[in-house]
Amino acid sequence: MAAPSIAFEAPENTGGRCPSKDRPIDLVQLATRTKGDKAVEIEILQIFARQARGCLQALANEVEAAARVTIAARLKNAAGAVGAHAVLRSAEAVEREGADAGQLATVAASVIEAENFILKLCR
């Protein structure tokens, strides 16, 4: 007898609608900022991808610590604007702790992951 009533019960949804912070780009945050305009979202994401790649290259080529902090801050701000939380956290770590090889690898991995996610969205 329990089986028929299961079809009419609401599924458990204890989490509710929450930001997609586990994705490379928080699409809920982005949609909120763009008021749901998909064309604007794609344009902003493409701009971010170019800027993130430029910052990543600048971080790799720069030797001066103060300049790296400035570049990391620029990347962090751009990532925060589109909801690229992993990029934001890795850039923040460079800002705070400096840019050793491990930190740069973490930044590179997060930027590449965000870029791949953006490319999939733009198909």
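1. Confidence. pLDDT is the predictor's confidence in each residue, from 0 to 100. It is needed here since this is a predicted model. The mean pLDDT of the protein chain is 86, and 83% of the residues reach 70 or more. Where pLDDT is low, the predicted coordinates should not be read in detail.

2. Overall layout. The protein chain has six helices and zero strands. Read from the N terminus, the order of elements is α-α-α-α-α-α. Of the 123 residues, 35% count as buried. The accessible surface of the protein chain comes to about 7700 Å², and carbon and sulfur atoms account for 56% of that surface. Taking contacts between residues at least 6 apart in sequence, 56% join residues at least 24 apart.

3. Nonpolar core. Which residues touch the most other members of the largest nonpolar core? They are Ile25, Phe48, Leu75 and Val87, in a core of 27 residues. The elements that give two or more residues to this core are α3, α4, α5 and α6. For Leu75, leaving aside neighbours within four places in sequence, the contacts are Ala52, Cys55, Val87, Ala91, Val107 and Val111.

4. Helix α3. This helix covers residues 38–61, and its 24 residues should span 34 Å at 1.5 Å a residue; the end C-alpha atoms are 35 Å apart, so the two values agree. Asp37 caps the N-terminal end of α3, with a side-chain oxygen 3.1 Å from the backbone nitrogen of Ala39. The buried residues of α3 are Glu41, Leu45, Phe48, Ala49, Ala52, Cys55, Leu56 and Leu59. Their cover includes α2, α4 (65–82), α5 (85–97) and α6.

5. Leu56. This residue lies in helix α3. Is Leu56 buried or exposed? Its relative accessible area is 12%, so Leu56 is buried, the cut-off for buried being under 20%. Not counting residues up to four places away in sequence, Leu56 touches Val107, Ala108 and Val111. Leu56 and Leu75 are 19 residues apart in sequence, and their C-alpha atoms are 8.3 Å apart in space.

6. Helix α6. The helix has 21 residues and reaches 30 Å from its first C-alpha to its last, close to the 30 Å expected at 1.5 Å a residue. Asp100 caps the N-terminal end of α6 through a side-chain oxygen that lies 3.3 Å from the backbone nitrogen of Gly102.

7. Leu121. This residue lies in helix α6 (residues 101–121). Leu121 counts as partly exposed because its relative accessibility is 35%, between the cut-offs of 20% for buried and 50% for exposed. Which residues does Leu121 touch, not counting those up to four places away in sequence? The contacts are Leu27, Ile42 and Leu45. Leu45 is 76 residues from Leu121 along the chain, and their C-alpha atoms are separated by 9.3 Å.

8. Thr34 and Lys35. Thr34 is in helix α2 (residues 27–34), while Lys35 is found in the loop between α2 and α3. With 10% relative accessibility, Thr34 counts as buried; with 77%, Lys35 counts as exposed. Thr34 touches Val40, Glu41 and Ile44, not counting residues up to four places away in sequence. Most residues other than glycine have a negative phi. Lys35 is not a glycine, yet its phi is positive, at about 55 degrees.

Definitions and conventions. Residues numbered from 1 in each chain as written. Predicted model: local features only at pLDDT ≥ 70, side-chain atom pairs only at ≥ 80, totals over all residues. Heavy atoms only, no water. Helix = DSSP H or I, 4+ residues; strand = E, 2+ residues; numbered from the N terminus. Buried < 20%, exposed > 50% of the residue type's maximum accessible area, 1.4 Å probe, protein only. Contact = heavy atoms within 4.5 Å. Areas by Shrake-Rupley, 256 points an atom, 1.4 Å probe, with all protein chains shown as cover. Expected span 1.5 Å × (residues − 1). Polar contact = N/O pair within 3.5 Å; in protein donor to acceptor, adjacent residues only side chain to side chain. Core = buried A, V, L, I, M, F, W, Y, C linked by side-chain atoms within 4.5 Å.
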